[in-house]
Amino acid sequence: MALINTYNGRLLLSETTVGAGAQVLLLAFLGTAIGLGPAGWLTGLAFGLATWAVLNRALLRTRTRTFGPANRVTLGRAILVGAVTALVADSFESSPPVSLFVGLTAVALILDGVDGKVARRTNTSTALGARFDMEVDAFLILVLSVYVSMSMGPWVLLIGLMRYVFVAAAKVAPWLNGSLPHSMARKTVAAVQGVFLLVAASGLLPYAAGFGLVALALGSLLWSFGRDIAWLFRHREGRNVPTAPAAVNETVSVAVMAPAERRTAELVSS
């Protein structure tokens, strides 16, 4: 906890506190604009508190010196995801305005392509920032899966849960933590998950078309995971492993999380 006694430590924690305050203000706006119910308020506040606590712990344990512009973008996305989470929780009692739900989610998805570029251009890429980005992505996909599953069935939850199942499986089979080579196909599959779920959630398409779109998203995700798991199994410890540089598992970067980054860029170490 020595870092908290320094100017940098106080500054870092003040930034996360501002983020938590912004989360509360956004929830208050939603409460005023649409009459956010108790479930939405409690879920949104729980998300904001959890984000604040976990991020603070990670900053202190990694002794990060500056928060950085890219992490500010990711924190902004996390605030939007908190609002979307509150709307989804509230939707079990009353449906949120579609335009508001789609707008918040769309901005969060668009900003997903911004924080990485900012980190590279400002030379502020960090393992913590990469993990923070991935956790926000994964949770947004999970929340969208929950929302879409209410109209299309519980099978949609597989899209959002797949990342967490993969992490749990890696506890039993450590070879799943191996590094994967770059794959444009994997990156493409990752990019479509949030977009397809949002289009289905928006109601812009007929039910059958939306159902087919989400089924396509799930099918492509299963294919991508299956291919990567097979590759990791073939190149598990004790076998010849290619010397190509490890690449981020792009499928995971939106809906799951790269095995190599999960191993080396943990937000909170045990």
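Predicted model: local features only at pLDDT ≥ 70, side-chain atom pairs only at ≥ 80, totals over all residues.
Biologist: Which residues touch the most other members of the largest nonpolar core?

Modeller: Phe101, Val148, Ile159, Leu197 and Val214 do. That core has 54 residues.

Biologist: Which helices supply at least two residues of this core?

Modeller: H1 (7-34), H2 (38-62), H3 (69-90), H4 (98-121), H5 (127-152), H6 (157-172), H7 (184-202) and H8 (207-234) each do.

Biologist: Take Val148. What does it touch, not counting residues up to four places away in sequence?

Modeller: Val148 touches Gly153, Val156, Leu197, Ala200, Ala201 and Val214. Leu197 and Val214 are also on the list of residues that touch the most other core members.

Biologist: On to H5. How far apart are its end C-alpha atoms?

Modeller: They are 37 Å apart. At 1.5 Å a residue, its 26 residues should span 38 Å, so the two values agree.

Biologist: And how many of the 26 residues of H5 are buried?

Modeller: 20 of the 26, so H5 is largely enclosed by the rest of the structure.

Biologist: What follows H5?

Modeller: Gly153 does, and its phi is positive, near 115°.

Biologist: Ser220 next. Buried or exposed?

Modeller: Ser220 has 17% relative accessibility, so it counts as buried. The cut-off for buried is under 20%. Ser220 is in helix H8.

Biologist: What is Ser220 in contact with, leaving aside its neighbours within four places in sequence?

Modeller: Val189, Val192 and Gln193.

Biologist: Switching to rings. How many aromatic pairs are in the whole structure?

Modeller: A search finds six. One of the pairs is Trp175 with Phe233, and it is edge-to-face. The rings are 5.4 Å centre to centre, with 70° between the planes.

Biologist: Where do Trp175 and Phe233 lie?

Modeller: Trp175 lies in the loop between H6 and H7, and Phe233 in helix H8, so the pair ties together parts that are 58 residues apart in sequence. Trp175 is partly exposed, at 26% relative accessibility. Phe233 is partly exposed too, at 41%.

Biologist: What sits over the ring of Phe233?

Modeller: The charged end of Arg236, 3.9 Å from the ring centre.

Biologist: Which residues form an aromatic cluster?

Modeller: Trp155, Tyr207 and Phe211 form one.

Biologist: Now salt bridges. How many are there?

Modeller: The count comes to eight. Among them is Arg72 with Glu15, where the closest N and O atoms are 2.9 Å apart. Arg72 lies in helix H3 and Glu15 in helix H1, so this pair ties together parts 57 residues apart in sequence.

Biologist: Are those two residues buried or exposed?

Modeller: Glu15 counts as buried at 17% relative accessibility. Arg72 counts as partly exposed at 43%.

Biologist: What does Arg77 form a salt bridge with?

Modeller: Asp137, with the closest N and O atoms 2.8 Å apart. The pair links distant parts of the chain: Arg77 is in helix H3, Asp137 is in helix H5, and they are 60 residues apart. Both residues are buried.

Biologist: Where do Glu135 and Arg131 lie?

Modeller: Both are in helix H5, four residues apart, about one turn of the helix. Glu135 and Arg131 are both buried.

Biologist: Which residues do salt bridges with shared partners join into one network?

Modeller: Arg77, Asp112, Asp115, Asp133 and Asp137.

How values were computed:
Residues numbered from 1 in each chain as written. Heavy atoms only, no water. Core = buried A, V, L, I, M, F, W, Y, C linked by side-chain atoms within 4.5 Å. Buried < 20%, exposed > 50% of the residue type's maximum accessible area, 1.4 Å probe, protein only. Contact = heavy atoms within 4.5 Å. Expected span 1.5 Å × (residues − 1). Phe/Tyr/Trp six-rings, centres within 6.5 Å; stacked < 30°, edge-to-face > 60°. Lys NZ or Arg CZ within 6 Å of the ring centre and 35° of its normal. Salt bridge = Lys/Arg side-chain N within 4 Å of Asp/Glu carboxyl O.
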